[in-house]
Amino acid sequence: MERTTGLQIGLTGGIASGKSTVARRLTELGAVLIDADALAREAVAPGSDGLAAVVEAFGPGVLGPDGAMDRAAVGRLVFADDAARARLNGIVHPRVRAAAGRLQEAAVERMGERAVVVQDIPLLVETGQADAFDVVVTVQAPRAERVRRMVEDRGMLATDAEARIGAQATDEERAAAADVVLENSGTREELLARVDDFWARWVAPRVQAAGAVEPAPDEGA
Ligand SMILES: CC(C)(COP(=O)(O)OP(=O)(O)OC[C@H]1O[C@@H](n2cnc3c(N)ncnc32)[C@H](O)[C@@H]1O)[C@@H](O)C(=O)NCCC(=O)NCCS
Ligand SMILES: Nc1ncnc2c1ncn2[C@@H]1O[C@H](COP(=O)(O)OP(=O)(O)OP(=O)(O)O)[C@@H](O)[C@H]1O
């Protein structure tokens, strides 16, 4: 029998484009969410071998007084230095992928062929993972608006916001690798309506088809 995988959706987009907003709506519609940013934090949690590897690579200066990774300090370091960023990615990304794989399998074990699993991965395209998904969705918002959100809502310096954007693929590169582009240049409500439309066109038919092939409870009795 062919291995059950459910429907695997890869969700990406540049920093502050609206990915989490899309992801939240998809969970309201019934998807299970795997959040790569959250897994990246777990990968370097206090006491983890990931954090030990970061300290070995960058020295104890990347630890805060509480023994946790000083994320602001590491951010300043890696977004100003491509080689340092590649080293950090080399430590964190394999751990994130392994954890995401385990969560994906657990969701499918729980829910079977009808599982709809969304992986929110900011660097999905940069890390060449598009082929691992049944559907790849990218969210796009104007660059100036994304910088404004990072500066006004998150207190970042404009230069730091630009550095993060510069460390990522362009909208064009993401769109080329994606099956679906969700435009987020209008209101939040407009974005949510686009998510609902995506679900109706791409997801609901697959979920219904998966349900239809399941044997009825009394079949074979
Ligand atoms: C550099 C770190 C310490 C900065 O932490 P901070 O709390 O300031 O940011 P946070 O983790 O919340 O990330 C916010 C956003 O920054 C962008 N970003 C983070 N890391 C990277 C990276 N290596 N390359 C490009 N963009 C990145 C993503 O859009 C992400 O959504 C942290 O982002 C990190 O450990 N990055 C390496 C792992 C990684 O690639 N994570 C992102 C996808 S798994
Ligand atoms: N259409 C919109 N209008 C106004 N605000 C929006 C819109 N879309 C998203 N936002 C806001 O912009 C910010 C970034 O959105 P969100 O957190 O969904 O993006 P993200 O791509 O997940 O960000 P990150 O890459 O940093 O995790 C949030 O504060 C969100 O509420």
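In the predicted model, helix 3 and helix 5 run roughly antiparallel to each other, because the angle between them, about 170°, lies over the 145 degrees that sets this class. Helix 3 covers residues 49-58 and helix 5 covers residues 82-111, and their axes are 10 Å apart where the two pack. On the side of helix 3, the contact is formed by Gly50, Ala53, Val54 and Ala57. These residues meet Arg87, Leu88, Ile91, Val92 and Arg95 of helix 5. By class, the contact comprises 6 nonpolar, 1 polar and 2 charged residues.

The ligand has 18 residues around it, of which Ile15, Ala36, Arg71, Gly75 and Pro122 come nearest. Two or more residues of this shell are supplied by each of helix 2 (36-43), helix 4 (71-78) and helix 5. The shell consists of 11 nonpolar, 3 polar and 4 charged residues.

The protein chain as a whole contains 9 helices and 5 strands. Their order along the sequence is β-α-β-α-α-α-α-β-β-α-α-α-β-α. The C-alpha trace extends over about 65 × 40 × 30 Å along its principal axes. Of the 221 residues in the chain, 28% are buried. Among contacts between residues at least 6 apart in sequence, 74% link residues that are at least 24 apart.

Conventions
Residues are numbered from 1 along each chain as its sequence is written. Chains are lettered from A and ligands numbered from 1 in the order in which they are written. This is a predicted model: local features need pLDDT of at least 70, side-chain atom pairs count only at pLDDT 80 or more; totals for chains, interfaces and linings use all residues. Axes are lines fitted to C-alpha atoms, for helices over the stretch in contact, and angles run from 0 to 180 degrees between N-to-C directions. Helices (H or I, at least four residues) and strands (E, at least two) are DSSP runs, numbered from the N terminus. Angles under 35 degrees count as roughly parallel, over 145 as roughly antiparallel, 65 to 115 as roughly perpendicular and the rest as oblique. Two residues are in contact if their C-beta atoms, placed from the backbone, lie within 7 Å. Ala, Val, Leu, Ile, Met, Phe, Trp, Tyr, Cys and Pro count as nonpolar, Asp, Glu, Lys and Arg as charged, and the others, Gly among them, as polar. A residue is near a molecule or strand if its C-beta atom, placed from the backbone, lies within 6 Å of it. A residue is buried if 20 or more other C-beta atoms lie within 10 Å of its own, exposed if 12 or fewer, and partly exposed in between; C-beta atoms are placed from the backbone.
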